[in-house]
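Here are some notes for a colleague who is opening this entry for the first time. They are meant to be read beside the structure.

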Number of protein chains: 2
Amino acid sequence: MKTNKHKIVIIGAGNVATQLGLALKKSKQTILQVYSKHQASSNNLAKLLKCEYTNAPGKINITADIYIIAVNDDAISTVVKQLKLNNKIVVHTSGSVEMELLKSASKNYGVFYPLQTFSKNNKTNFETIPICIEASNKATLTTLLLLAKSISSNVQKINSEQRKVIHLAAVFACNFSNHLYTIASTILTSTNLSLNILKPLIEETANKIKNNSPAEMQTGPAMRDDKKTMDKHLKMLSDKKEYQKLYKLMSKSIKDSNKEKKQ
Amino acid sequence: MKTNKHKIVIIGAGNVATQLGLALKKSKQTILQVYSKHQASSNNLAKLLKCEYTNAPGKINITADIYIIAVNDDAISTVVKQLKLNNKIVVHTSGSVEMELLKSASKNYGVFYPLQTFSKNNKTNFETIPICIEASNKATLTTLLLLAKSISSNVQKINSEQRKVIHLAAVFACNFSNHLYTIASTILTSTNLSLNILKPLIEETANKIKNNSPAEMQTGPAMRDDKKTMDKHLKMLSDKKEYQKLYKLMSKSIKDSNKEKKQ
């Protein structure tokens with residue numbers, strides 16, 4: 001039987017690298033080294049993980065089994081050019097970058113995409129985070145699935161096509177929602193109110209869809225086609241043309257979805 | 001000192017009426033009666049609250065201290081016309097309806113607006129829900145603040161102007177966010193994936209802003225002005241013109257906010 005303990009090099013020292021490194025260390029994986037071109041942050045992360053660090057591509061430890069590239073999407077191709085790993089496994093952690101980009105570094109490559117938003121400082125509990133796995137061949141897939149299962153109970157085999165769709169859906173559900181919180185905050189502070197008053201409602205809105213379909217949970221003036229309220233709201237936004245446009249488009253989209261649902 | 005125990009009539013038998021009735025009963029207020037034109041639901045709610053019910057406006061109990069109108073916004077004016085309450089306190093529970101609409105029913109009127117989204121079946125914990133109070137005079141205000149404090153530790157004096165702003169902000173932060181969850185779900189199911197895979201991320205996105213400003217927490221392709229990813233996403237949405245429009249407008253708004261922040 002294959003062992004599920006590996007020697008790992010982490011490339012990158014940002015939020016994903018930090019949280020993933022901590023989770024892997026906790027599950028008794030051996031982190032050999034952190035490599036990042038940013039000396040200060042790789043040094044910090046190496047201290048956290050109690051391992052070596054380097055900021056010189058020539059000094060990347062070549063004795064590891066698995067190389068995890070957790071850098072910004074745009075930087076992945078640059079990093080890949082610096083790697084010659086023969087048969088070692090190399091993965092990136094991105095939702096939107098092609099797996100094939102890794103081909104030049106090794107014949108055993110894959111994707112290890114944790115579907116969560118990370119901050120460097122708040123420790124992440126990986127246990128429930130979906131990890132999306134893809135690999136260039138069956139043996140690599142088996143190793144990556146096992147590695148992922150050592151830190152999460154929600155590991156899924158996801159191909160490139162599906163991963164792109166998940167990433168797009170995440171932009172809508174998470175990046176855009178967060179921006180709506182920013183807009184709400186801007187609207188409130190313009191009248192000396194604070195976002196605090198909305199936080200219980202925001203929390204409950206996200207909670208409600210745990211066990212219900214969001215379409216069933218939709219409420220508000222657009223949902224009940226309450227033109228009077230929508231007109232009032234648009235008037236209140238008359239000096240914020242961008243918010244007005246968004247209000248109209250979102251309201252139209254809600255009404256259209258509702259019509260489709262009824263058909 | 002004024003007592004904080006009151007005799008209450010609840011008008012309406014929907015989600016707000018149900019949850020508010022249950023919370024008031026739990027805090028030992030006396031619910032005399034439920035009045036709703038829908039006999040079945042008023043009967044059900046009256047059973048839950050162990051009180052009388054009626055669906056005849058002429059039979060509304062006139063011995064209560066406080067009348068709480070918890071019906072749809074559009075129905076409030078119809079209900080008000082049926083009420084002649086002299087000096088009794090009458091309130092509505094709406095975020096967007098003028099307080100003055102209640103004037104014809106009593107000289108003591110106000111707003112009792114619980115800032116939360118309610119379902120009839122999931123019992124709501126009122127303890128942390130902000131309740132926004134406004135009143136036509138000081139004595140009524142005092143009574144309503146005390147009544148609200150009997151069920152929530154987050155009671156706020158909010159005037160009509162502020163209430164309208166809060167409601168508008170809630171439409172952005174909650175109604176529109178929920179619709180983004182629906183869009184994400186539609187995108188995922190088109191590839192045989194389910195919204196379940198995004199739920200931990202949605203939850204964390206809402207959680208993160210408890211202790212951070214959402215503008216500081218913004219991530220994603222628009223935030224880092226990652227044109228390549230945004231173009232890919234727009235192409236993926238080519239048969240969903242409405243989502244494409246939304247994607248463009250939200251991304252532009254994120255970029256604009258980010259620029260303003262940096263200035």
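**Notes on salt bridges, sheet and core**

1. In chain B, Lys259(B) and Asp256(B) form a salt bridge through their side chains, at 3.9 Å from N to O. The structure is a predicted model, and this pair is read from its coordinates. Both residues belong to helix H9 of chain B, residues 241-262, where they sit three residues apart, about one turn of the helix. Lys259(B) has 53% relative accessibility and counts as exposed, because the cut-off for that class is over 50%.

2. The pair is part of a wider arrangement. A network of salt bridges links Glu242(A), Lys252(B), Asp256(B) and Lys259(B). Side chains of opposite charge can pair when their charged atoms come close.

3. Helix H9 of chain A, residues 241-262, holds both Asp256(A) and Lys252(A), four residues apart, about one turn of the helix. These two form a salt bridge in which the closest N and O atoms are 2.8 Å apart. Asp256(A) is buried, at a relative accessible area of 18%, whereas Lys252(A) is partly exposed, at 42%.

4. Over all chains the count of salt bridges is 22. One of them joins Arg224(B) to Asp73(A), with 3.6 Å between the closest N and O atoms. This pair crosses between chains: Arg224(B) is in the loop between helix H7 (214-217) and helix H8 (227-236) of chain B, and Asp73(A) is in the loop between strand E4 (66-69) and helix H3 (76-81) of chain A. Arg224(B) is partly exposed, with 40% relative accessibility. Asp73(A), at 18%, counts as buried.

5. Turning to the sheet: chain B has an open sheet of eight strands with mixed pairing, in the order E3-E2-E1-E4-E5-E6-E7-E8. Strand E3 (52-54) and strand E8 (155-157) of chain B are at the edges; each has a single partner strand, so one side of each has no neighbour in the sheet. On average, neighbouring strands are turned by 25 degrees against each other, direction ignored. Helix H2 of chain B, residues 39-49, packs on this sheet and touches strand E1 (7-11), strand E2 (30-35) and E3. The direction of H2(B) makes about 170 degrees with that of E3(B).

6. Ile131(B) is opposite Val155(B) in E8(B).

7. Where does Ser152(B) lie? Ser152(B) is in the loop between helix H4 (138-149) and E8 of chain B. With a relative accessible area of 3%, Ser152(B) is buried. Its side chain reaches the backbone nitrogen of Asn154(B) at 2.9 Å. Beyond its neighbours within four places in sequence, Ser152(B) is in contact with Phe126(B), Glu127(B), Ile129(B) and Ile131(B).

8. The largest nonpolar core has 116 residues. Those with the most contacts inside this core are Ile166, Phe172 and Leu198 of chain A, together with Ile166, Phe172 and Leu198 of chain B. In soluble globular proteins, nonpolar side chains tend to be buried together. Phe172(A) touches Ser177(A) and, in chain B, Leu180(B), Ile183(B), Ile187(B), Leu237(B), Tyr243(B), Leu246(B) and Tyr247(B), leaving out residues up to four places away in sequence.

Note on methods
Residues are numbered from 1 along each chain as its sequence is written. Chains are lettered from A and ligands numbered from 1 in the order in which they are written. This is a predicted model: local features need pLDDT of at least 70, side-chain atom pairs count only at pLDDT 80 or more; totals for chains, interfaces and linings use all residues. Side-chain values use heavy atoms; hydrogens and water are left out. Two strands pair if DSSP finds at least two bridges between them. Helices (H or I, at least four residues) and strands (E, at least two) are DSSP runs, numbered from the N terminus. Axes are lines fitted to C-alpha atoms, for helices over the stretch in contact, and angles run from 0 to 180 degrees between N-to-C directions. Contact means heavy atoms within 4.5 Å. Buried means under 20% relative accessible area, exposed over 50%, partly exposed in between (1.4 Å probe, protein chains only). A polar contact is a pair of N or O atoms within 3.5 Å; within protein, one must be able to donate a hydrogen and the other to accept it, and residues adjacent in sequence count only if both atoms are side-chain atoms. A nonpolar core is a set of buried Ala, Val, Leu, Ile, Met, Phe, Trp, Tyr and Cys residues joined through side-chain atoms within 4.5 Å. A salt bridge is a side-chain nitrogen of Lys or Arg within 4 Å of a carboxyl oxygen of Asp or Glu.
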